[in-house]
Amino acid sequence: SNAINYRKQQNGELPVITHPPIVPDIVTTPLRELSGGDTVFEKEMLTLMLQTLPADYAAIEKAFRIFDLPAIRSIAHRMKSGVAMAGAKNYAMLLDELEKHAGNNNGAEALTTFEQTKTEQENFVAAIREQLAVLL
């Protein structure tokens, strides 16, 4: 399954992900346009995303445990722009919905949307790792 392969990828047991990446062609993403083809810049940005996204995702999970909707809104907003810049449009759309639900104090809808982001987060992190391997 993708979840097992994802864990193996995270542990270094699989060198390549086995499902289609969320960022299938970084050439057409806003990040590529912004970089002007500078692969060093792209690598730095993707590395930064790889370092911050899991922590931000965990922070949203923690905020849900204490029902801190303003924190959820703020973190989702911050994550959305980076995710969109790297070309993960569906994930960015879900983060936008999460931000709006949290901003409207609609905790139930926010939680439902957040649950939909789990697979997107896992696939996106795996796709970033794949893109970084290509850029090395």
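The angle between two packed helices runs from 0 to 180 degrees between their N-to-C directions, and the axes are lines fitted to C-alpha atoms over the stretch in contact. The views below are of a predicted model.

**View 1. Packing of helix α3 against helix α6.** Helix α3, which covers residues 39–65, packs with α6 at an angle of about 155°, and the two axes are 10 Å apart. Angles over 145 degrees count as roughly antiparallel, and α3 and α6 are therefore roughly antiparallel to each other. Their crossing is left-handed, and the residues that form the contact of α3 with α6 comprise 16 nonpolar, six polar and five charged.

**View 2. Packing of helix α3 against helix α4.** With helix α4, residues 69–85, α3 packs at an angle of about 155°, the axes being 10 Å apart, and this pair is therefore roughly antiparallel as well. The crossing in which α3 passes α4 is left-handed. On the α3 side the contact involves M45, M49, L53, D56, Y57, A59, I60, A63 and F64, which meet A71, I72, I75, A76, R78, M79, G82, V83 and M85 of α4. By class, the residues of this contact divide into 15 nonpolar, one polar and two charged.

**View 3. Packing of helix α5 against helix α6.** The axes of α5 (residues 89–103) and α6 (residues 107–135) come within 9 Å and cross at roughly 155°, and α5 and α6 are therefore roughly antiparallel to each other. Here α5 passes α6 in a left-handed crossing. From α5 the contact draws on N90, Y91, L94, E97, L98, H101 and A102, while α6 contributes E109, A110, T113, F114, Q116, T117, E120, Q121 and F124. Seven of the residues in the contact of α5 with α6 are nonpolar, six are polar and three are charged.

**View 4. Length and kink of helix α6.** At 1.5 Å a residue, the 29 residues of α6 should span 42 Å, and the C-alpha atoms at its ends are 40 Å apart, which agrees with that expectation. Within α6 there is a kink of about 30°, centred on T117, and T117 is also one of the α6 residues in the contact with α5.

How values were computed
Residues are numbered from 1 along each chain as its sequence is written. This is a predicted model: local features need pLDDT of at least 70, side-chain atom pairs count only at pLDDT 80 or more; totals for chains, interfaces and linings use all residues. Side-chain values use heavy atoms; hydrogens and water are left out. Helices (H or I, at least four residues) and strands (E, at least two) are DSSP runs, numbered from the N terminus. Angles under 35 degrees count as roughly parallel, over 145 as roughly antiparallel, 65 to 115 as roughly perpendicular and the rest as oblique. A crossing is left-handed if the near helix is turned anticlockwise from the far one by less than a right angle, and right-handed if clockwise. Contact means heavy atoms within 4.5 Å. Ala, Val, Leu, Ile, Met, Phe, Trp, Tyr, Cys and Pro count as nonpolar, Asp, Glu, Lys and Arg as charged, and the others, Gly among them, as polar. The expected span of a helix is 1.5 Å times one less than its number of residues. The bend at a residue is the angle between axes fitted to the seven residues ending there and the seven starting there.
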